[in-house]
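The exercises below ask you to read a structure step by step, with a worked solution after each task. Try each task on the sequence and the 3D view before you read on.

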Amino acid sequence: TLSKGGDRTSARQALELLERMEKWSKDGNERIAPDIITYNTCVDAFAKSRSKGSAETAEGLYYRMKELRDGVDGGGVAPDAVTVASVIQSWALSGFDKSSARRAMELFEEAKKDPLIDLDTASYNAMLNCLSKSGSRQTLARALFRNAPDRAEKLLEEMEAESAKGNARIRPDVISYTSTISALAMSNDRKAPYRAMKILAKMEAQAASGAESIRPNSMTYAAAIKCWARSRDKVKAIQAKSLLDWCEEQHRRGNQNARPTVVIYNHVLNACAYTAGSNDDKIMEEAFRIGCLAFEELRRSTYIKPNHISFANFLDVISKLMPEGELHDELIGNIFRGCIREGVVSNIVIRRLRGATSADLFKSLLGDVNAKFLPQHWTRNL
């Protein structure tokens with residue numbers, strides 16, 4: 001129960017209980033000696049807590065288990081693939097300082113060399129997920145781990161090789177491939193979206209041959225579209241919308257897990273907005289057309305609604321791609337009023353609105369509202 005708490009208090013309580021069990025066991029009460037499940041539950045509690053120092057504590061428990069295993073009488077306690085996956089997950093969820101990805105990879109490589117630890121798909125997927133997060137622009141790890149996409153692709157190839165050799169414990173699944181594409185989305189490599197499309201094509205081909213476990217889902221397509229959105233390719237808006245349409249087509253053909261999500265639309269809008277650096281007017285006009293089309297599709301959808309990121313990204317599309325003037329200001333006003341009606345006005349929307357309008361228009365659209373204290377009905381659906 002404590003491992004499901006997802007907070008620092010629950011994790012600390014789990015650790016305190018484990019330490020009491022260790023003491024009782026040393027005092028001779030073997031009936032309540034902690035076993036591998038006890039330790040793994042405690043490690044999992046810290047992995048889910050996301051609090052400062054949780055990853056270090058989880059890793060410390062891993063090494064405590066190794067000491068017990070290698071001691072005279074470890075009581076059957078030894079780290080396994082579950083332990084490794086949980087510790088790596090704790091680093092992935094830790095918020096990432098500059099050493100997080102490195103420490104996760106070091107532990108993973110150490111575990112691979114340990115003859116007493118038999119890694120599995122879940123432990124590889126945990127490492128791939130960690131790599132997909134390590135390149136985030138919001139982390140100090142980005143500069144340290146610029147080769148995360150290459151490492152992710154190498155791990156995926158290892159999984160494919162192990163599976164080809166008949167290792168039933170290590171078989172890449174849709175999570176493995178999607179995490180690798182997500183890692184590529186954080187890359188500065190100009191070829192990243194093309195590398196992502198190659199992986200996606202492989203998934204689709206193998207799924208068509210009966211490999212259902214790697215059939216792409218909406219998260220896979222979202223990751224691939226994000227690759228285009230974050231690239232410097234001047235036709236990224238066209239490519240992103242084409243992939244959105246293909247995702248919709250896959251859903252219509254029966255892939256129930258490929259239904260487009262608001263995240264996918266948001267990535268398409270982002271791709272459109274940041275086509276603005278192109279010197280080709282026709283490319284920019286097409287990006288604006290695609291942005292308007294995508295937002296209208298999202299607005300008219302019967303199963304998803306635009307969220308605050310959708311409105312913020314579309315405000316960026318208008319601001320960056322539409323010439324200033326009366327029509328520009330009118331469209332900005334209509335979109336912002338629509339955002340108010342949907343109750344999804346966030347600080348991000350306000351910042352994008354401020355950047356897209358003159359001071360007078362910004363003040364006019366907010367009326368008597370203080371931008372720092374938004375009315376409840378403006379934010380009710382955030």
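**Exercise 1. Describe the surroundings of helix α15.**

Solution. The buried residues of α15 pack against α13 (262-273), α14 (281-300), α16 and α17, where helices (H or I, at least four residues) and strands (E, at least two) are DSSP runs numbered from the N terminus, and contact means heavy atoms within 4.5 Å. The model is a predicted one, in which local features need pLDDT of at least 70 and side-chain atom pairs count only at pLDDT 80 or more, while totals for chains, interfaces and linings use all residues. Residues are numbered from 1 along each chain as its sequence is written, and side-chain values use heavy atoms, with hydrogens and water left out.

Next, take the cover of the helix: ten of the 14 residues of α15 are buried, so that the helix is mostly covered, and here buried means under 20% relative accessible area, exposed over 50%, and partly exposed in between, with a 1.4 Å probe and protein chains only. These buried residues are S310, F311, A312, N313, F314, L315, D316, V317, I318 and L321.

Finally, check the length, for which the expected span is 1.5 Å times one less than the number of residues. The 14 residues of α15 should span 20 Å, and because its end C-alpha atoms are 20 Å apart, the two values agree.

**Exercise 2. Work out how α15 and α16 are oriented, and which residues join them.**

Solution. The axes of α15 and α16 come within 10 Å and cross at roughly 180 degrees, where axes are lines fitted to C-alpha atoms, for helices over the stretch in contact, and angles run from 0 to 180 degrees between N-to-C directions. The two helices are therefore roughly antiparallel to each other, since angles under 35 degrees count as roughly parallel, over 145 as roughly antiparallel, 65 to 115 as roughly perpendicular and the rest as oblique.

On the α15 side the contact is made by F311, F314, L315, I318 and S319, and on the α16 side by H328, L331, I332, I335, G338, C339 and E342. Sorted by class, this contact has eight nonpolar, three polar and one charged residues; Ala, Val, Leu, Ile, Met, Phe, Trp, Tyr, Cys and Pro count as nonpolar, Asp, Glu, Lys and Arg as charged, and the others, Gly among them, as polar.

**Exercise 3. Is L315 buried or exposed, and which residues does L315 touch?**

Solution. Begin with its place, which is in helix α15 (residues 308-321). With 1% relative accessibility, L315 counts as buried. Not counting residues up to four places away in sequence, L315 touches I332, I335, V349, R352, L353 and A356. Although L315 and G355 are 40 residues apart in sequence, their C-alpha atoms are 9.0 Å apart in space.

**Exercise 4. Find where the buried residues of α5 lie around its axis.**

Solution. In α5, the residues S100, A101, A104, M105, L107, F108 and A111 are buried. They cover an arc of only 160 degrees around the axis, which puts them on the same side of α5; the arc is that of the directions from the helix axis to the C-beta atoms.

**Exercise 5. Summarise the whole chain.**

Solution. The protein chain has 19 helices and zero strands, and buried residues make up 50% of its 382 residues. Along its principal axes, the C-alpha trace spans about 80 × 50 × 40 Å.
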